[in-house]
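Colleague: I am new to this structure and would like to know what lies behind the words used for it. Could we go through them one by one?

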Amino acid sequence: MSPSDREVNTPTSGRPQPAISPDTQFFWDAAAKEELRVQCCSSCGRLRHPPGPACPHCLSLEWETRLLSGRGTLYSYTVLHHPLPAGFDQPAIVVVVEMEEGVRIVSNIAAATAESLRIGEPLEVFFLPQAEGWTAPQFRRAQ
Ligand code: ZN
């Protein structure tokens with residue numbers, strides 16, 4: 001059995017805490033409440049992620065947040081073997097999830113093996129509290 005054949009679960013401690021800025025505070029505050037939120041441009045209405053100060057489409061600096069359903073599909077993935085990311089005791093599966101609202105989010109998938117993943121398969125977010133006091137949005141196969 002190769003390391004990537006083992007079912008990966010994502011850690012609940014030891015990860016680097018996310019850097020919080022005025023543009024990202026809402027994302028982590030929402031995650032702590034088990035909500036997945038992204039920025040929505042107040043001028044053109046487009047959703048965007050990761051968060052930033054200006055809309056890449058119309059350059060507006062005005063934005064609000066939008067609650068996502070938490071459902072999406074696997075757009076892409078990679079496996080990080082060496083060095084292991086902080087907090088992981090086995091290779092980590094990094095996924096790009098295309099949310100049903102159209103934005104893509106980079107995260108991890110739990111309870112999966114890389115060999116079993118299929119591009120386009122349905123995934124859903126779940127929220128994993130970390131021992132250090134923050135909450136990591138993670139993904140798993142849709143129930
Ligand atoms: Zn805009």
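Modeller: What follows is a set of questions and answers about a predicted model.

Colleague: What makes the arrangement around the zinc ion tetrahedral?

Modeller: The four donor atoms subtend angles of 101 to 118°. Four donors count as tetrahedral if all angles lie between 85 and 135 degrees, so the arrangement is called tetrahedral. Ideal angles for four tetrahedral donors are 109.5 degrees.

Colleague: Which residues coordinate the zinc ion, and how are they spaced in sequence?

Modeller: Cys 41, Cys 44, Cys 55 and Cys 58 do, each through SG, at 2.3 Å. Donors are counted within 2.8 Å of the metal. The spacing of the donor residues is C-x2-C-x10-C-x2-C.

Colleague: Why is Cys 55 called buried, and why is Cys 58 called partly exposed?

Modeller: Cys 55 has a relative accessible area of 1%, and buried means under 20%, so Cys 55 is buried. Cys 58 is at 34%. Exposed means over 50%, with partly exposed in between, so Cys 58 counts as partly exposed.

Colleague: How do you know that Leu 128 is buried?

Modeller: Leu 128 has a relative accessible area of 14%, which is under the 20% cut-off, so Leu 128 counts as buried. Leu 128 lies in strand E7 and touches, among others, Thr 12 and Trp 134. Thr 12 is 116 residues away in sequence, with a C-alpha to C-alpha separation of 6.8 Å.

Colleague: What makes E5 and E6 a pair of strands?

Modeller: Two strands pair if there are at least two bridges between them. Five bridges join E5 to E6, so the two antiparallel strands pair. Val 96 has Val 106 in E6 as its bridge partner.

How values were computed:
Residues numbered from 1 in each chain as written. Predicted model: local features only at pLDDT ≥ 70, side-chain atom pairs only at ≥ 80, totals over all residues. Heavy atoms only, no water. Helix = DSSP H or I, 4+ residues; strand = E, 2+ residues; numbered from the N terminus. Buried < 20%, exposed > 50% of the residue type's maximum accessible area, 1.4 Å probe, protein only. Contact = heavy atoms within 4.5 Å. Donors = N, O, S within 2.8 Å, 3.2 Å for Na, K, Ca; no water. Tetrahedral: all angles 85-135°; square planar, octahedral: opposite > 155°, others 65-115°. Lists of a residue's contacts leave out its neighbours within four places in sequence.
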